[in-house]
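Please look at the sequence and the structure first.

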Amino acid sequence: MCGRYSITTNVEALRRLFGFKGAPNLQPRFNLAPTQPAPAIRLNATGERELSMLRWGLIPSWASDPLIGNRMINARAETLAEKPSFRAALKDRRCLVLTDGFYEWQKQGPKKQPYFITLADRSPFAMAGLWDRWTARGTTETIESFTIITTAASPALAAIHDRMPVLLDSRDQEGWLAAPNLAAAQGLLIPFPGSVSALPVSMFVNDPKNDGPACLAPAS
């Protein structure tokens, strides 16, 4: 599961790395939580990458109640093609969810210890996601939302949790966004083969209301 993550890298550095159009005023987020807006990259009508702010927690276009999105923050890679909530989005509404690290909690006796997980070089990266657009019945109110795809944890993280987000390296990002062949796109949804770092951090991050550098303070 991925239930919290950070995105603190400035927008120009993200643009250089991911090559998107647009320049939203991104504020550093150290503890981004479900239902909040977050930056994601998707392809526009001309096939160019655009950066959009989407609500975390996918609301399928057919949903009668947007609260369903609160339960759709993650989607299992193994069952995407079978689930009505994700099947259509898998076909043509894929996105890259930008982050510089995500949190996972390891059970340690009566408590759960949070870990901040990054690439070994601490550079920003992309998690595989799906997005959708929901319109309230009888109105023009729309919500664009996303979910983060998860897979089995890599060996480096399996002792912390048995699941992890799908991390896409630079070679696979365009394939995920644009591959017309679903089998090829799904073939990218595997445990990350690269090096990662997992740092135990303060319990301060446990409260989603807390958002600041203190979330990354080493555990005492």
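A residue is called buried when its relative accessible area is under 20%, exposed when it is over 50%, and partly exposed in between, using a 1.4 Å probe and protein chains only. The model is predicted, so local features need pLDDT of at least 70 and side-chain atom pairs count only at pLDDT 80 or more, while totals for chains, interfaces and linings use all residues. Residues are numbered from 1 along each chain as its sequence is written, and side-chain values use heavy atoms, with hydrogens and water left out.

Thr 99 has a relative accessible area of 0% and is therefore buried. Thr 99 belongs to strand E6, residues 94-99; strands (E, at least two residues) are DSSP runs numbered from the N terminus. Leaving aside residues up to four places away in sequence, Thr 99 touches Tyr 5, Ser 6, Ile 7, Pro 124, Phe 125 and Met 127, where a contact means heavy atoms within 4.5 Å.

The side chain of Thr 99 also reaches two backbone oxygens, listed here.

| Backbone oxygen of | Distance from the Thr 99 side chain |
|---|---|
| Ser 6 | 2.6 Å |
| Gly 101 | 2.9 Å |

Strand E6 pairs with E3 in the antiparallel sense over two bridges; strands pair if DSSP finds at least two bridges between them. Within this pairing, Ala 40 has Val 97 of E6 as its bridge partner.

Strand E3 covers residues 37-43, and five of its seven residues are buried, so E3 is largely enclosed by the rest of the structure. E3 is also joined to the antiparallel strand E4, residues 49-56, by seven bridges. The partner of Pro 37 in E4 is Arg 55. Five residues lie between E3 and E4 in their hairpin, and Gly 47 in the turn has a positive phi of about 80°.

Technical notes. Helices (H or I, at least four residues) and strands (E, at least two) are DSSP runs, numbered from the N terminus. A polar contact is a pair of N or O atoms within 3.5 Å; within protein, one must be able to donate a hydrogen and the other to accept it, and residues adjacent in sequence count only if both atoms are side-chain atoms.
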